[in-house]
Amino acid sequence: MDAVSDAFVREIWVQKSAQVGWTEILNNVIGYYVDQDPSPILMVQPTEEVAVDWSRDRLAPMIRDTPCLRGKFSDERTRATANTLRHKTFPGGLLAVAISNSPASLASKPIRIALFDEVDKYPISAKQAGDPLSLGRVRTKTFWNRKILAGSTPTVKGSSRVEKGFETSDQRYYFVPCPHCNEFQRLVWAQVKWSEFGLTPEQAVYQCVHCAASIEENAKADMLARGEWRASKPFNGIAGFHISELYSPWSSWGQMARDFLDKKAFPETLQQWINEALGETWEDSGEKLEPIGLMERRESYTAASIPAGVQLLTVGTDVQDDRLEVFLYGWARMKKPGASSTRCCEAIRGRARSGKSTTISSDAGSGPMTVANSASKRCALTRAVTSPSRSIAIAWRASVFACGLERASRVPDGRAGPRRPARARPGRRCG
Ligand SMILES: [Zn+2]
C-alpha cells in the first residue's frame, strides 16, 4: 500500500503464494482511490466467473461495510442504476471489471488505475486481439500519474507473466529478524526443519541462517511485525514484491511441511505446491536439449526417396520421456476402391518396407496440394530416436494404411505400426 501511494512508483508486480491477502490489497487500493483520489479504475480478472464472484463476494461487502464508501455507489437494486457487477460509477470516477479473454472489455475508455489479478491465468491472447495485459496497459497511456498493479501465483518457469514482470522490478523480499540473534533474513523453504531436530513434520521449526537456532512458530507474528521490505535490484519506477506462505499468519510451517510431504510424490501435485505455497515457478527436471545441438543433427533428404504416389508430406513429433517419436506421413490420392488403387497401395508399401535409409528434401513433393479426406490414402513412415544424444540416422520404418483395404503392417522389430485411423485425416499429428 505504501508503494501504491508513492508517486515515484508507476508499476507494481507481486509474485505470491496463494492466500496471502493479495485480493484484499487490490480491494484496499480500490477503496483508497474511490474515497481519496477518485479516478477511472480497471480491474482485470482471468474469467467471467471469477470476475462475478469477486465483484459480488469480495468487493460488494467491502463497499457495504465501509462507511466512507457506502454512500458513493448507488444501489444495484434500484432502477436506472449506473452500477452493475461489471461496471460501477462513483463521484469523480468509475470502476470497470474486464475479462482477460474479452478484447471489448479490455479496450475501451482511458483508465488511470489498472489492476490485474492472477495474470498467469490469462490466455496468451484475448481472442485475436493480443496480450490481455498489454491491452489493459495501453488504456493508461494518457495519464501521467497512472498506476499499474499486477500480481499472481506463478506457474511454469519461462512462461510465467508474473515472473517476467517481477524480474523487471526492484525485486523486494521481506526480511524478518531472528528472535535469538536479531539478524534479518528472508524466509526460505530450505530452512524449515523437522527431522533434524527430532520433530514430526507438524512440529516443524525454522532454523536461523545466522545463528542456526530453531525458531518456533509462535515467534512468527513478532518477526513479521518487525520485518521490512528490502530491494535486491536498483529502483527503476517498478516496485516488485515476492511473498510466500512461509510468512502467512493463516498458515504454519508445520502445515506446510505436511502439505509438502503429501504432494511431493507426483510432479503435478509438487508443481501445485511450489506455485501456491512457495510462490515460485515450476521448472521441469527433465533432460534438456540445447537448440544448437538439435540443429547439428539435421539431415539432408532428396526427393527421390519419397515413395511413388506421395504428393504431400506432413510430419509430427510425439515427445516421450526418453525419446522423440517422429512421424512422417506421405499422402497420396486414392481412387475409388478397386484394382487401380490397390496397385498404387502396393507400390507405396514396397518402397516403404525396403529397409533402405531414405532421405527426403525439405522442398520435396509437388507443392501445396489438396488431398480429399475421403479419397486419400496414407502411407505412414515412422522412425524412433532412442535418445537425444544418439544419431538419428536410422532407417525408415514404415507401415501402410489403405483406407480399409489393408491391415496396418507391423514394423520390422515387431512393434505395431501407427494405429490405423478410423478414416483418413490429413493434418493429424502435423507438427
Ligand atoms: Zn538467529
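## Strand β7 and its surroundings in a predicted model

Strand β7 pairs with strand β8 (residues 184-186) in the antiparallel sense through 3 bridges; here, two strands pair if DSSP finds at least two bridges between them. This is a predicted model, where local features need pLDDT of at least 70 and side-chain atom pairs count only at pLDDT 80 or more, while totals for chains, interfaces and linings use all residues. Residues are numbered from 1 along each chain as its sequence is written. Helices (H or I, at least four residues) and strands (E, at least two) are DSSP runs, numbered from the N terminus, and the chain has 11 helices and 17 strands.

**Confidence and overall layout**

- The mean pLDDT of the chain is 75, with 72% of its residues at 70 or more; pLDDT is the predictor's confidence in each residue, from 0 to 100.
- Two residues are in contact if their C-beta atoms, placed from the backbone, lie within 7 Å.
- Where pLDDT is low, the predicted coordinates should not be read in detail.
- Of the chain's contacts with a separation of 6 or more, 69% are between residues 24 or more positions apart.
- Of the 431 residues in the chain, 30% are buried. The cut-offs count other C-beta atoms (placed from the backbone) within 10 Å of a residue's own: 20 or more is buried, 12 or fewer is exposed, and in between is partly exposed.

**β7 and its partners**

- β7 (residues 172-177) runs parallel to β13 (residues 238-243), joined by 2 bridges, and Tyr173 sits opposite His242 in β13.
- With β12 (residues 228-231), β7 runs antiparallel over 4 bridges; Phe175 has Glu228 as its bridge partner there.
- Back on the β8 side, Val176 has Gln185 as its bridge partner.
- β7 and β8 make a hairpin with 6 residues between them, and Asn182 sits in the turn.
- Phe184 belongs to β8 and touches Phe175, Val176 and Pro177, leaving aside residues up to four places away in sequence.
- Phe184 counts as partly exposed, because 16 other C-beta atoms lie within 10 Å.
- Phe184 and Glu228 are 44 residues apart in sequence, yet their C-alpha atoms are 9.0 Å apart in space.

**The β9-β10-β11 sheet**

- This is an open sheet of 3 strands in the order β9-β10-β11, with antiparallel pairing.
- β9 (192-193) and β11 (214-215) stand at the edges with a single partner strand each, so one side of each has no neighbour in the sheet.
- β10 (residues 205-207) pairs with β11 over 2 bridges in the antiparallel sense, with Tyr206 opposite Ile215 in β11.

**Helices α8 and α9**

- The axes of α8 (residues 253-263) and α9 (residues 267-278) come within 8 Å and cross at roughly 155°. Axes are lines fitted to C-alpha atoms, for helices over the stretch in contact, and angles run from 0 to 180 degrees between N-to-C directions.
- α8 and α9 are therefore roughly antiparallel to each other; the classes are under 35 degrees for roughly parallel, over 145 for roughly antiparallel, 65 to 115 for roughly perpendicular, and oblique for the rest.
- On the α8 side the contact uses Met256, Asp259, Phe260 and Lys263, and on the α9 side Thr269, Leu270, Gln272, Trp273 and Ala277.
- By class, that contact has 5 nonpolar, 2 polar and 2 charged residues. Ala, Val, Leu, Ile, Met, Phe, Trp, Tyr, Cys and Pro count as nonpolar, Asp, Glu, Lys and Arg as charged, and the others, Gly among them, as polar.

- Most residues other than glycine have a negative phi, and most peptide bonds are trans.
- Glu118 has a positive phi of about 50° without being a glycine, and lies in the loop between β5 (113-117) and α5 (132-138). Glu118 counts as buried because it has 20 C-beta neighbours inside 10 Å.
- Asn182, also not a glycine, has a positive phi of about 65°. Asn182 counts as exposed because it has 11 C-beta neighbours inside 10 Å.

**Tyr33 in α1**

- Tyr33 is in helix α1 (residues 22-35) and counts as buried, because it has 23 C-beta neighbours inside 10 Å.
- Not counting residues up to four places away in sequence, Tyr33 touches Pro38, Ser39, Ile41 and Ile113.
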